[in-house]
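Please open the structure in the viewer and keep the selection panel at hand.

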Amino acid sequence: EKMELEDDDYGVDLEVYALWTLAEQFLRCGRVMNALKCLEAVLQGGEVQVTTSQQRQQQAASATEGTPMGRHHPAGAVFELKTRLRIAGLLLKFTDDVDWIKSHLDRSLLLVQEVPARLKGNYGALVIEHMCALARKRKSSVLLRKALQMGLDFATQEGLEEWYYYFSMEMAESFTNGNPEHGDSESDGANDERYSKAIKVLDAAQQYAAVCHNTKIEKLFLLA
C-alpha cells in the first residue's frame, strides 16, 4: 500500500514532502525501520532521530501537549492523520509494539475531529479499522468488540452505509468464532450467548439495509 499526496495535503513544505517520499523509497527496498524513522520525523517537524521504543511512545503521546506533532503541525490535520495511519499500518504489519501503535491510533482518533467534514467519515472508519487490527494483535476479544461497536456507532452517526455493513459482519463473526486464546469462554452457555448476540447484530444490519432501501444487502443479512 503506497501513501500518496493529494489535494488535501495543502501546506506541505519541501522538507516534509521529501521525508514522505523517502519513506516510500525505503519501503520499496524493504527497509521498514528506515521508512518509519522518516515518517516519525515528519511528525517531529522534519528532524530525523534514532529513538528507543519508550521514547517513540512518549513522542507520539506528546501530540496532545502542543509539541511539533500537535494540532498546529504545519502540514495540517489531514496530512498528520494520514501519516499516523501509515505508521500504524506498518507497525501492525511488521512489529509487535502495541503501545507504539496505540499511541498513534489514539492521536489519530482525536485528529478525525479536526479534518474537513467531507473526509471525517472515511478517515474515522479507517482509524477504527486499525484499532480492530490492533485488538486482534493483542488477542483480546473484549477490545475487538469494543472497537467494532465504536465502528458501528460511528458509521451510524456519519451515515456510512458500507462501513456499517462491514463492522456488522466483523462483529457477528467475532461472536460466532469465539476464541479461547483471546479470552472467550468455551462453555455451552457462553457459546449460546455469543450466537444470540451475533443474531442480534445481523438482524440490526438487515433492518438498517431495509431503511436504506438496499434490497441486496438486506437479503444477504437475512440469509446470514
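A salt bridge is a side-chain nitrogen of Lys or Arg within 4 Å of a carboxyl oxygen of Asp or Glu. Please note that the model on display is a predicted one.

**First stop: a network of charges**

Select Glu80, Arg84 and Arg107; these residues are linked in a network of salt bridges. Side chains of opposite charge can pair when their charged atoms come close. By the rule given above, the model has nine salt bridges.

**Second stop: a link from a helix to a loop**

Select lysine 137 and aspartate 96. Their salt bridge has its closest N and O atoms 3.3 Å apart. Lysine 137 belongs to helix 6 (residues 117–137), while aspartate 96 sits in the loop between helix 4 (76–94) and helix 5 (98–111), so the pair ties together parts that are 41 residues apart in sequence. Are these two residues buried or exposed? Lysine 137 counts as partly exposed, at 27% relative accessibility, whereas aspartate 96 is exposed, with a relative accessible area of 67%.

Next, select glutamate 158 and lysine 120, which form a salt bridge with the closest N and O atoms 3.6 Å apart. Glutamate 158 lies in helix 7 (residues 141–158) and lysine 120 in helix 6, so this pair ties together parts that are 38 residues apart in sequence. Glutamate 158 is partly exposed, with a relative accessible area of 26%. Lysine 120 has 17% relative accessibility and counts as buried, because buried means under 20% relative accessible area.

Move to helix 9 (residues 188–211), and select lysine 197 and glutamate 193, which lie four residues apart, about one turn of the helix. Their side chains meet in a salt bridge of 3.4 Å, N to O. Lysine 197 is partly exposed at 36% relative accessibility, and glutamate 193 is also partly exposed, at 46%.

Select helix 1 (residues 14–28) and helix 2 (residues 32–43). How do they pack? Their angle is about 165°, and their axes are 8 Å apart. Helix 1 is therefore roughly antiparallel to helix 2, since angles over 145 degrees count as such. The crossing of the two helices is left-handed.

To view the contact, display the side chains. The residues of helix 1 that take part include Trp20 and Phe26, and those of helix 2 include Asn34 and Cys38. By class, this contact has 13 nonpolar residues, one polar residue and no charged residues.

Key: Residues are numbered from 1 along each chain as its sequence is written. This is a predicted model: local features need pLDDT of at least 70, side-chain atom pairs count only at pLDDT 80 or more; totals for chains, interfaces and linings use all residues. Side-chain values use heavy atoms; hydrogens and water are left out. Axes are lines fitted to C-alpha atoms, for helices over the stretch in contact, and angles run from 0 to 180 degrees between N-to-C directions. Angles under 35 degrees count as roughly parallel, over 145 as roughly antiparallel, 65 to 115 as roughly perpendicular and the rest as oblique. A crossing is left-handed if the near helix is turned anticlockwise from the far one by less than a right angle, and right-handed if clockwise. Contact means heavy atoms within 4.5 Å. Ala, Val, Leu, Ile, Met, Phe, Trp, Tyr, Cys and Pro count as nonpolar, Asp, Glu, Lys and Arg as charged, and the others, Gly among them, as polar. Buried means under 20% relative accessible area, exposed over 50%, partly exposed in between (1.4 Å probe, protein chains only).
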